[in-house]
Every structure is written in C-alpha cells, then in structure tokens.
Amino acid sequence: MLIDEILNKAQEYEEEMTQFLCDIVAIPSYSEQEKAVADRIADEMRKVGFDEVKIDGLGNVFGRIGNGKTRIAMDAHMDVVGVGDPTQWKHDPFEGKVENGIVYGRGAGDQKAGMASMVYAGKIIKDLGLEGDYTLYIIGSVMEEVCDGLCWQYIVKEDRFKPDYVVITEPTNLNIYRGHRGRIEVRICTKGKSAHAAMPERGENAIYKMARIVLGIERLNERLKSDPFLGKGTIVVSQIFFKSPSENAVPDECVIHVDRRLTGGETKESSISELKKVIKESGVDAEVIEQTYEGVAYTGRKYSSEKYFRTWMMDEDSDIVRSAVETYKALFNAEPKIGKWNFSTNGVATAGLFGIPTIGFGPANEIYAHSPDDRAPVAHLVKAAAFYAYFPRVVSKRG
C-alpha cells in the first residue's frame, strides 16, 4: 500500500535526515550570512537526486522535482537568530547534538528541521516514483529572521516565480496552521529644545513629551480588537532612543520603536491612524515614521522592504487546508489539530501580499524558537518527511 511505503521510507531515512539536520545546525547561518549552509543544502539536494538545484541572486536555494502543471513550493528559512547569553545553553548551540531522540542547537527547530524533512521528502518521492502532474520546489530562503517575506518578494518579483500553493515549514508541532497575525513596525519622534540641566525651564524636554505618548500607547493596547481565530491585536513600545548635548542637558529629541501586531481586519493604515489619534490626545507634536528594512544578501545583492507584514488566514474549506487535512489523516490515521502561529512567518508575503494559498506544517514546537532550548524531535523529522512527500499528490489533484 502506498501510504505504508511512504511511512516506511521516511523511517528508513531517519538516520540520514538526523545527520543532515545536525550538519546544518553546526553551520552558523545568521541573516545575510547564509552562504555556507546554502551550499551544504544544495549539495544534499543533489546527493538525494533532485532534478535541478540552483541558487538565485538573493541566495535562496531552489531544489526542483518533477515538471508537472501544478507548482507547489515548500519553504524553510536558512537563517537563524543569535545565541544570546551562551551560559543559558545546556548544549553547544552550533554542535548539532542528538540526545534522547532530540536534536539541540540554534536553528534546530527554527527552522532547519523543516529543511531536513523537505529534502528527504524529495528522496522519498524519487525512490517511490511519486511524481505526478505537479512540480515541487523545495526552497531554502534567506533573511527571514530580519525581514519576514523579503525573500519571497524577491522570488515573486525578481525571479518571477509564483507557485500555486505554498507550505511554510516553520515549527507547528506537526499541527496544520492556516494563518497568523501580521505586524507593522514604526517609530515616533518628538522634538524638544536643549538647555542646561541646571535650568530645565529654559528648554523643552523631548522625553517628557514622549512619556505622554507612551502612556497613551499602553492604554491603546487594552482596547485593540480581537479576532475569533487570530486573537487580539497588540501594541508594544519595544525600544526608546534620545538625543541630548550631554548628560547634563535637556534632551532635544526622543524616538520610540513600536511593534504593532495586527489581527483580522487591521491594516497599516488603520494602525497608523490609531497612533495619530493617541498623539493628538496626548497634546504634543510628534511624527510617525514608517520603517524600511534594507539588507545586503550574502550574494551582495541589496534588497529592501517596508516593515509592514500583512495578516493572513486561509479558510478551513480552502483546497490547500482540506488537502493538508486529507494528507494527515491518510498518513497518521488521526484527526489533525488546526491552528495558527503566534509569531510571524514568510506567509506574510506568500499569502498576505501575493495571495498564494499557504499553510503551515512543520516539525518541532514553536515554543522553543529563539530560546536556548531550540530543539527538534527526531520522530518529528520522520513524520514531516512523510507529509511533505505525500501532500503534493493530494493537493495537485484539487488544483
């Protein structure tokens, strides 16, 4: 029976998958510095028999299998966040250690486990002759940790590649995710007038002005709307900066960085309008400054994006969600849990910006992302590989 063959093959490749994951965890791959891990992933794709492997101008790795009508992309970002305080790690973050059936290390769960399972799903497809009327692209994407979706803006706009379906393999604990909140990052600036700190009445304190706005933002967070599926919108003042002639002077400028998480029905325009209302109610003059990320990929290519990351949500009755559920039931003889991410993913571009049907399914649990306990269970690698191998056959029949 085909399902048994897929599951057996996935189990057969457990050791190779695990070693591959350990290998790529052991390669530090901070954003804009992914070249070494990209080359290692490309080599593994060639080794297991992909039909074509290439790296685009931004440094995204593309592995292709098949040449059918329906184009399916599966995405795992190759970059990782920093280590933070190294004393908090029980394992070397760049060793790729396996202990009691779990791979530990920076990026193990977020999200190199997804890449390991995808690559070996490709091998399963080739071994069992599962190619159909679809073309599968396994993509290792760059710079996601610093700007979600930037890589996919490049893929769609510059590579001119827009698939019919996308699977994001960020950690979902082997659940099916169909969306998440978006976000916008802005800065707010107040201006003052410097004066000697011994005579503060001669100046205008930009920090005092900003303090009124910060209190207004704190109150705004309490009354933001909520969505039945995506949850509540939130707003946080995450950073504060100032300018002053000296430690003994009234500051003449203050800037705050604001992280606004957007639930269903909220947009960049609506959130900026809310902030302007807060500023008006505070009784001070201030400027809202939209933010842009400007990065330089490891290839040397410069690319930028506004820091507006759109909310997205797929309907439970959509073809892609129904296909994911069908795949899960067929393989694991169980009812899948359908949910959402708390954090943001490249889905802000694939689904949010470009409207490509997108779902999430990945090994590992998102609660360990960005933590010193970053990890991925080996058993998850096997199940995810089986899912990725079978899903293209299911969804291509609906397309």
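**Talking through a predicted model**

Trainee: Which residues does glutamate 266 touch, not counting residues up to four places away in sequence?

Mentor: Glutamate 266 touches Leu224, Lys225, Gly233, Arg260, Arg261 and Thr311, with residues up to four places away in sequence left out of the list. Please keep in mind from the start that this is a predicted model.

Trainee: And where does glutamate 266 lie?

Mentor: Glutamate 266 lies in the loop between strand β14, residues 253-262, and helix α7.

Trainee: Is glutamate 266 buried or exposed?

Mentor: Glutamate 266 counts as buried, because its relative accessibility is 7% and buried means under 20%.

Trainee: How far apart are the C-alpha atoms of glutamate 266 and valine 119?

Mentor: The C-alpha atoms of glutamate 266 and valine 119 are separated by 37 Å, and the two residues are 147 residues apart along the chain.

Trainee: OK, on to α7 then. What should its 15 residues span, at 1.5 Å a residue?

Mentor: Helix α7 covers residues 268-282, and at 1.5 Å a residue it should span 21 Å, which agrees with its end C-alpha atoms being 21 Å apart.

Trainee: Which residues in α7 are buried?

Mentor: The buried residues in α7 are Lys268, Ser271, Ile272, Leu275, Val278, Ile279 and Ser282. If you look down the axis of α7, these buried residues fall within an arc of 115°, so they line one face of the helix.

Trainee: What does the face of α7 turned away from its buried side carry?

Mentor: That face of α7 carries the exposed residues Glu269, Lys276, Lys277, Lys280 and Glu281. After α7 comes glycine 283, whose phi is positive, near 80°.

Trainee: Where do asparagine 173 and histidine 370 lie?

Mentor: Asparagine 173 lies in the loop between β7 and β8, where it is partly exposed with a relative accessible area of 32%. Histidine 370 lies in the loop between β21, residues 358-360, and β22, residues 375-377, and it is partly exposed as well, with a relative accessible area of 46%.

Trainee: What about asparagine 175, is it buried or exposed?

Mentor: Asparagine 175, which lies in the loop between β7 (165-168) and β8 (176-177), is buried, with a relative accessible area of 16%. Once residues up to four places away in sequence are set aside, asparagine 175 touches Lys337, Gly360 and Phe361.

Trainee: Switching to helices: at what angle do the axes of α2 and α3 cross?

Mentor: The axes of α2, residues 14-25, and α3, residues 35-48, come within 10 Å and cross at roughly 160°. That makes α2 roughly antiparallel to α3, because angles over 145 degrees count as roughly antiparallel. The contact is made by Glu16, Phe20, Asp23 and Ile24 of α2, together with Val37, Arg40, Ile41, Glu44 and Lys47 of α3.

Trainee: And α3 with α4, are those parallel or antiparallel?

Mentor: The axes of α3 and α4 come within 9 Å and cross at roughly 20°, and the two helices are therefore roughly parallel to each other. In α3, Val37, Ile41, Glu44, Met45, Lys47 and Val48 meet Lys112, Met115, Val119, Tyr120 and Lys123 in α4. The crossing of α3 past α4 is right-handed.

Trainee: Which peptide bond is cis?

Mentor: One that is cis runs from aspartate 110 to glutamine 111, with omega near -10°, and glutamine 111 lies in helix α4.

Trainee: What do the buried residues of α1 pack against?

Mentor: In α1, residues 2-12, the buried residues are Ile3, Ile6, Lys9 and Ala10. Seen down the axis of α1, they fall within an arc of 130°, so they line one face of the helix. These buried residues pack against α2, α4 (108-128), α8 (319-332) and α10 (378-398).

Trainee: Last one: is arginine 202 buried or exposed?

Mentor: Arginine 202 is exposed, with a relative accessible area of 58%, and its place is in the loop between β10 (182-191) and α6 (206-222). Leaving aside neighbours within four places in sequence, arginine 202 is in contact with Lys193 and Ala195.

Conventions: Residues are numbered from 1 along each chain as its sequence is written. This is a predicted model: local features need pLDDT of at least 70, side-chain atom pairs count only at pLDDT 80 or more; totals for chains, interfaces and linings use all residues. Side-chain values use heavy atoms; hydrogens and water are left out. Helices (H or I, at least four residues) and strands (E, at least two) are DSSP runs, numbered from the N terminus. The expected span of a helix is 1.5 Å times one less than its number of residues. Buried means under 20% relative accessible area, exposed over 50%, partly exposed in between (1.4 Å probe, protein chains only). The arc is that of the directions from the helix axis to the C-beta atoms. Contact means heavy atoms within 4.5 Å. Axes are lines fitted to C-alpha atoms, for helices over the stretch in contact, and angles run from 0 to 180 degrees between N-to-C directions. Angles under 35 degrees count as roughly parallel, over 145 as roughly antiparallel, 65 to 115 as roughly perpendicular and the rest as oblique. A crossing is left-handed if the near helix is turned anticlockwise from the far one by less than a right angle, and right-handed if clockwise.
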